[in-house]
Amino acid sequence: MNDSKLSALFRFVGIVVLVLLLTAAFAGWRLWSGYTAFADRPLAAADTPRVLDIERGDSFRDVLRRLREAGVADGRDWQWQALAWQMDVARRLKVGEYAIDPGITPRGLLRKLEQGRVIQYRFTIVEGWNFRELRTALAAATALTHTLEGLSDAEVMAALGEPDTHPEGRFLPETYHYTRGTRDVDLLRRARQAMERTLAEVWAGRQEGLPIETPEQALILASLIEKETGAAHERPEIAGVFVRRLRIGMRLQTDPSVIYGMGDSYQGRIGRRGLDTDTPYNTYTRDGLPPTPIAMPGRAALEAAVSPKPGDTLYFVSRGDGTHHFSRTLAEHNRAVARYILGRGNAGNGSNGSNDGNDGNDGNGRQ
């Protein structure tokens, strides 16, 4: 082959190599730009957050499969794998249930899985609930693992390690966050521990000279205050009425405790028979506090029980708007009953607004 032909061949080979290199470079650039765009481009929007559930033992391939099953079509598998390798997270994804929120990027999602920012559910214990209402709400929480169904109240307390404790009032009303699969007994245990801590804190800051001697008595008193309170700002004043009555040996005569003692026989009206029927919780027929709490008091009610508002009132009657009229004397109280209860044509309880057929007397009106 002469020199001219050899030179032409080299030029041809050089051009081919150059074209191949340019093609490879272009293809590489396309792949890289597509990859980088994928990593930081928001996933296709959905009307509601999608859910990705990572189970123990899942490989990254399993995670990708679950991602597709959750409706995420964005990106090629190799792009997800490359991104996980680049971020060094493929082996560090946490087990749990994750929300794939609209607008999140692949990079943001993988970081979320690495950090274990799982879906948090909320369970709220409402101030004034009794234990039956709490158990009903627990049973309806579908994200919990239920272990207490079919157990008696005593068996539930035994599962909490307190077999001899009456369950009423033992769980602090507030909102508790948990993840799917949390056991109901564990959530209940957290609420129990929260009440113990709060009661101890509140008791440590109590007023001097109170007619209650133990944290348990403070808890019982707080439950009465909680059930009598229609307006939050009245808790300390209602506490003051109860504390003054306890101090002088006057019966508390509070209808919520009577209703609690009536149990299933209460059908919306206490009536004269209910007031006169003696039960351990009838504060019309028995002196002092009832034997246990009657509901779950919140922190504000606990604080009111140990820091009652000073004054000289001994009676209160509902105005019918969630607030109460407080009186110093029985005569003043009876006038208030005539105005707020009989004036409404409602021969019922004035202390908490329930229609109990109490002949016009408030739950704190008889002596």
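Against which elements do the buried residues of α5 pack? In this predicted model, they pack against β3 (121–124), α6 (153–159) and α7 (184–204). Packing is judged here by contact, meaning heavy atoms within 4.5 Å. Residues are numbered from 1 along each chain as its sequence is written, and side-chain values use heavy atoms, with hydrogens and water left out. Because the model is predicted, local features need pLDDT of at least 70 and side-chain atom pairs count only at pLDDT 80 or more, while totals for chains, interfaces and linings use all residues.

The confidence of the predictor in each residue is given as pLDDT, on a scale from 0 to 100. Its mean over the chain is 87, and 83% of the residues reach 70 or more. Over residues 346–363 pLDDT stays under 50, and the model has 76 contacts beyond four places in sequence for this segment. Where pLDDT is low, the predicted coordinates should not be read in detail.

The chain contains 13 helices and six strands. Of the 367 residues in the chain, 45% are buried. A residue is called buried under 20% relative accessible area, exposed over 50%, and partly exposed in between, with a 1.4 Å probe and protein chains only. Among contacts between residues at least 6 apart in sequence, 65% join residues at least 24 apart.

Helix α5 spans residues 131–140, and its buried residues are F131, L134, R135, A137 and L138. Viewed down the axis of α5, the buried residues fall within an arc of 160°, so they line one face of the helix. The arc is that of the directions from the helix axis to the C-beta atoms. An α-helix has 3.6 residues a turn, so residues three or four places apart point the same way. R132, T136 and A140 are exposed on the other side of α5. The N-terminal end of α5 is capped by N130, which has a side-chain oxygen 3.2 Å from the backbone nitrogen of R132.

A search of the whole structure finds one cavity of 30 Å³ or more. The largest cavity has a volume of about 40 Å³. A cavity is a set of points, on a 1 Å grid over the protein atoms alone, where a 1.4 Å probe fits but cannot get out, and lining residues have an atom within 4 Å of a point. Grid points are joined across faces, edges and corners, and a volume is the space filled by probe spheres set on the points. The lining of the largest cavity consists of L52, F60, V63, L64, L67, W80, L109, L110 and L113. Two or more residues of this lining come from each of α2 (60–69) and α4 (106–115), and α2 gives the most, with four residues. In α4, the buried residues are P106, L109, L110, K112, L113 and E114. G116 follows α4 and has a positive phi, near 70°.

Several loop residues were also examined. E55 lies in the loop between β1 (50–54) and α2 and counts as partly exposed, at 42% relative accessibility. Leaving aside neighbours within four places in sequence, E55 is in contact with R66 and V95. The side chains of E55 and R66 make a polar contact of 3.4 Å. A polar contact is a pair of N or O atoms within 3.5 Å; within protein, one must be able to donate a hydrogen and the other to accept it, and residues adjacent in sequence count only if both atoms are side-chain atoms. The C-alpha atoms of E55 and V95 are separated by 5.4 Å, although the two residues are 40 residues apart along the chain.

A73, in the loop between α2 and α3 (77–87), counts as exposed at 68% relative accessibility. T279, in the loop between α11 (271–276) and α12 (299–306), is buried, with a relative accessible area of 16%. Not counting residues up to four places away in sequence, T279 touches G261, T285 and R286.

Most residues other than glycine have a negative phi. D88, in the loop between α3 and β2 (96–100), has a positive phi near 60°. Q253 is not a glycine and has a positive phi of about 45°. Q253 is found in the loop between α9 (235–248) and α10 (255–262) and counts as buried, at 4% relative accessibility.

How values were computed. On a 1 Å grid over the protein atoms alone, a cavity is a set of points where a 1.4 Å probe fits but cannot get out, and a pocket is an open set with protein on both sides within 12 Å along at least five of seven lines; lining residues have an atom within 4 Å of a point.
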